[in-house]
Amino acid sequence: MVEVYISNNASNQVISGFPWVYKSDVTASSALELTDKGELITILDNRGKKIALGYLNFSSNISIRILSIDIKERPDSEEFFRKRISRAIEKRKKYLGADFTYSRLVFGEADNLPGFIVDSYGKYLSCEITTTGAYRLKDLFFKILDKELKPKAVAISINANDRSEGLSQQKIIQGDIPDIVEVKENGITYFANLKEGQKTGWFYDQRANRKFLSDHANSKNFCDLFTHSGGFGILSALKGARYVLMADSSELALNLAKESAKYNKVNNKCEFVKTDIFNFLENFKNFKKQSFDIVNADPPAFIKARKYVQTGMKGYSKLVSGCMDLFDSSKTEEKIFALTSCSHHADRNILKKNIENIFKKKLPSSNIKLISNAGADKDHLPHPHLSKTEYLKFLAYRF
């Protein structure tokens, strides 16, 4: 393998467990110019001591992804990756029991498999590859998954983190996957489209937060914005919500939510609105049939890069302000508002402060209490040295 030297500072970080090396910390190599994107390498400190194994893409700002700090291991072997994938699956069995067959089985760097994500849908798998290094290893990954889980079919989304990875966005299907597959979560059945849906088709990270909010839904009017496939809304309807409005801009996602409502026999109290959410909020007075007791907003990432933090935070503030108009201020009954951010660049404390500042303006006389300050569910455990894997912020308030 090609040997790559890195700075003292980066060496200390790698030895401590940090899974990346930035381009600015790569100091020398025996053949950088000749190295292919994603090629397996040996990492050395500035004194020439071998300290880690990984793969290299010198075109990317994140030039090295660490695979192991045990230089005796063989990251080009099936056994090396079999152990990693098997360990990741065993963790989900431990955390979720029999429910592990509907969960995230592999979570990239958090499972020491950078650039590779696996979600399980019973006998079907949906994978996401985000780096050239993981792409070069994909055949080995799928060979191991086939032995470990024996899936009927696999959907593979190629979604590079940045253009420098040199990957074209695409969807690859291995085997025969139906247009709609079942998702079992919190004791009910949803539906996902692994061929055309976003990312891997479903967002298991919100499992626990869906249960939390639905536990408050009995006899309430519930508004679920950016509902996607109805994750929060359908469960709340089953938990006794009086009326549930689910809004999203994706017709594909809303059709899946409708199928779930029919399957779970709650379609009589569910309404589905295909709309741009900000337009919906601006025109709610014209649309208005009734106000809501619970409003949940789970938007896509507003902050996709650090340079967009300020603009993104304004977007969250605008969303929260609009959501406040969905409540009937004349009612004295308890109300709940929940917001999720999946932007890892969104600071939790700043987001919390912004929400509470809007509450002060919109609800100056209300007694407001934070009732949930949560993150992703336990099959998405973060990497201890990588804040990006602790991306999800779920904030719920009662007033």
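User: Which residues does arginine 210 touch, not counting residues up to four places away in sequence?

Analyst: Contact means heavy atoms within 4.5 Å. On that rule, arginine 210 touches Glu185, Asn186, Tyr190, Trp202, Phe203, Gly231, Phe232 and Leu235, leaving out residues up to four places away in sequence. Keep in mind that this is a predicted model: local features need pLDDT of at least 70, side-chain atom pairs count only at pLDDT 80 or more, and totals for chains, interfaces and linings use all residues. Residues are numbered from 1 along each chain as its sequence is written, and side-chain values use heavy atoms, with hydrogens and water left out.

User: Is arginine 210 buried or exposed?

Analyst: Buried means under 20% relative accessible area and exposed over 50%, with partly exposed in between (1.4 Å probe, protein chains only). Arginine 210 has a relative accessible area of 5%, so it counts as buried. You'll find arginine 210 in helix H5, residues 207-214. Labels like that come from DSSP runs, numbered from the N terminus: helices are H or I with at least four residues, strands are E with at least two.

User: How many bridges does E1 make with E4?

Analyst: Two strands pair if DSSP finds at least two bridges between them. E1 and E4 have 4, in the parallel sense, and valine 2 has isoleucine 41 of E4 as its bridge partner. E1 is also joined to strand E3 (residues 26-29), by 3 bridges, and those two run antiparallel. There, tyrosine 5 stands opposite alanine 28.

User: What does leucine 44 touch?

Analyst: Leucine 44 is in strand E4, residues 39-44. Not counting residues up to four places away in sequence, leucine 44 touches Glu3, Val4, Tyr5, Ile6, Lys49, Lys50 and Ile51. Its relative accessibility is 2%, so leucine 44 counts as buried.

User: Which elements make the right-handed β-α-β unit?

Analyst: Picture the strands pointing away from you: a crossover is right-handed if the path from the first strand over the helix to the second runs clockwise. E15, helix H7 (residues 251-263) and E16 make such a unit here. E15 and E16 (residues 270-274) pair in the parallel sense over 5 bridges, with methionine 246 opposite phenylalanine 272 in E16.

User: What should helix H4 span?

Analyst: The expected span of a helix is 1.5 Å times one less than its number of residues. H4 (residues 138-149) has 12 residues and should span 16 Å, and its end C-alpha atoms are 16 Å apart, so the two agree. Lys138, Leu140, Phe141, Phe142, Ile144 and Leu145 of H4 are buried. Among the elements covering those buried residues are helix H2 (78-96) and strand E8 (116-121).

User: Which residues touch the most other members of the largest nonpolar core?

Analyst: A nonpolar core is a set of buried Ala, Val, Leu, Ile, Met, Phe, Trp, Tyr and Cys residues joined through side-chain atoms within 4.5 Å. The largest has 34 residues, and Leu225, Val295, Cys323, Met324, Leu326, Phe337 and Leu339 touch the most other members. Elements giving two or more residues include strand E14 (221-225) and helix H10 (309-324); H10 gives the most, with 6. A second, separate core of 33 residues includes Tyr204, Cys270, Ala338 and Ile371.
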